[in-house]
Amino acid sequence: RGGGESSCRPDDKLAHILGDAGMILRDPPVLHLLLHETVRSLEGVVERNGMPKDDQMLVLLAQLITLAMSAPSLVKERSHTRPPVPHSLMKEFFPILADAILERELRDSDEEEEPPEADGAAPNQRLVELMTEDGV
């Protein structure tokens with residue numbers, strides 16, 4: 001080909017861009033930042049008595065985290081499609097995590113009034129299942 005045209009097809013370029021973006025997002029400091037912002041967004045949702053699925057920042061963060069966690073397979077398969085956010089992440093995991101944040105805040109406010117008791121509460125079993133079954 002002449003004229004400095006690229007020999008890559010547009011689909012190859014998109015696959016390369018998605019894979020590269022995912023690998024950058026997967027870098028530990030960047031992923032930590034995304035996860036930290038996710039928790040902060042969830043705290044904001046709890047404060048506003050909102051629903052996680054309705055918070056646009058949380059949806060965007062979920063998309064970025066999903067891209068990060070899918071990056072190795074995107075690169076390997078040269079995929080040009082953005083991976084979908086797992087349904088369970090927005091509909092189950094985030095609401096359960098928001099509930100845990102609310103419980104923590106309520107417990108912390110109670111401890112200001114009363115002496116702290118030993119906290120032997122077991123973690124939410126469904127939360128544990130979701131954390132182990134999804135890559136995100």
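How many residues apart in helix α2 are Arg40 and Glu37? The legends below take up this pair and others in a predicted model.

**View 1. Arg40 and Glu37 form a salt bridge.** The two residues sit three residues apart in helix α2, which spans residues 28–47. That spacing separates them by about one helical turn. Arg40 is partly exposed, with a relative accessible area of 48%. Glu37 is also partly exposed, at 27% relative accessibility.

**View 2. Arg104 and Glu43 form a salt bridge.** Here the closest N and O atoms are 3.2 Å apart. Arg104 belongs to helix α4 (residues 87–113), while Glu43 belongs to helix α2, so the pair ties together parts that are 61 residues apart in sequence. Arg104 counts as partly exposed, at 32% relative accessibility. Glu43 counts as partly exposed at 25%.

**View 3. Lys53 meets Asp54 in a salt bridge.** The N to O distance between these side chains is 3.5 Å. Lys53 is partly exposed, with 38% relative accessibility. The structure has four salt bridges in total, including this one. Side chains of opposite charge can pair when their charged atoms come close.

**View 4. The structure holds one aromatic pair.** The rings belong to Phe93 and Phe94. Their centres lie 6.0 Å apart. Their planes meet at 50 degrees, so the pair is tilted. Phe93 is buried, and Phe94 is buried too.

Terms used
Residues are numbered from 1 along each chain as its sequence is written. This is a predicted model: local features need pLDDT of at least 70, side-chain atom pairs count only at pLDDT 80 or more; totals for chains, interfaces and linings use all residues. Side-chain values use heavy atoms; hydrogens and water are left out. Rings of Phe, Tyr and Trp (its six-membered ring) pair if their centres lie within 6.5 Å; planes under 30 degrees apart count as stacked, over 60 as edge-to-face and the rest as tilted. Buried means under 20% relative accessible area, exposed over 50%, partly exposed in between (1.4 Å probe, protein chains only). Helices (H or I, at least four residues) and strands (E, at least two) are DSSP runs, numbered from the N terminus.
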